[in-house]
Amino acid sequence: MATRTTYKISLTHEGKQVDLAVPEGESILSVALDKGLDLPHDCKLGVCMTCPAKLVSGTVDASGSMLSDDVAEKGYTLLCVAVPKSDCQVKTISEDELLDMQLMTSQ
């Protein structure tokens with residue numbers, strides 16, 4: 001039986017850092033919620049923008065989100081659809097910061 005890869009995610013939320021072990025194929029948000037973290041979220045489908053974060057290092061597959069490619073390329077992601085592809089450092093951001101970024105790039 002093949003073992004699944006687990007990625008080490010360092011998540012900073014409201015100034016506190018938490019380390020999470022996220023199994024391959026699972027979203028950062030689902031593991032964080034399972035650990036009892038109180039993170040903002042709503043739809044869990046990548047469309048409402050309630051769980052924004054900035055990728056400090058590492059890579060995630062967030063292809064299920066509604067973020068534009070140029071915003072995603074700048075390291076912004078939605079935790080509900082952010083599936084790690086490597087160990088990562090992630091920082092939650094305000095929904096306003098993400099909306100501002102999305103609006104600036106779509107003009």
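Which residues gather in a patch of negative charge on the surface? Keep that in mind as you open the viewer; the model you are looking at is predicted.

**Stop one: the charged patch.** Select Asp42, Glu95, Asp96, Glu97 and Asp100, and you have the answer: together they make up a patch of negative charge on the surface. Aspartate 100 belongs to helix α3, which covers residues 95-105. Its relative accessibility is 47%, so it counts as partly exposed, a label for values between 20% and 50%.

**Stop two: a strand residue.** Next, select residues 52-57 to show strand β3, and pick out valine 56 within it. Is valine 56 buried or exposed? Its relative accessible area is 54%, so valine 56 is exposed, as the cut-off for that word is over 50%. Now look for its partners: setting aside neighbours within four places in sequence, valine 56 is in contact with Gln89, Val90 and Lys91.

**Stop three: a loop residue.** Finally, move to serine 27, in the loop that runs between β2 (16-23) and α1 (28-34). Serine 27 has 11% relative accessibility and therefore counts as buried, since buried means under 20%. What is serine 27 in contact with, leaving aside its neighbours within four places in sequence? Select Val22, Leu79, Cys80, Val81, Ala82 and Val83 to see these contacts of serine 27.

Conventions: Residues numbered from 1 in each chain as written. Predicted model: local features only at pLDDT ≥ 70, side-chain atom pairs only at ≥ 80, totals over all residues. Heavy atoms only, no water. Helix = DSSP H or I, 4+ residues; strand = E, 2+ residues; numbered from the N terminus. Buried < 20%, exposed > 50% of the residue type's maximum accessible area, 1.4 Å probe, protein only. Contact = heavy atoms within 4.5 Å. Patch = residues over 30% accessible without salt bridge, like charges linked within 9 Å, V, L, I, M, F, W, Y side chains within 5 Å. Areas by Shrake-Rupley, 256 points an atom, 1.4 Å probe, with all protein chains shown as cover. Salt bridge = Lys/Arg side-chain N within 4 Å of Asp/Glu carboxyl O. Lys, Arg positive; Asp, Glu negative; His and termini not counted. Charge placed at Lys NZ, Arg CZ, Asp CG, Glu CD.
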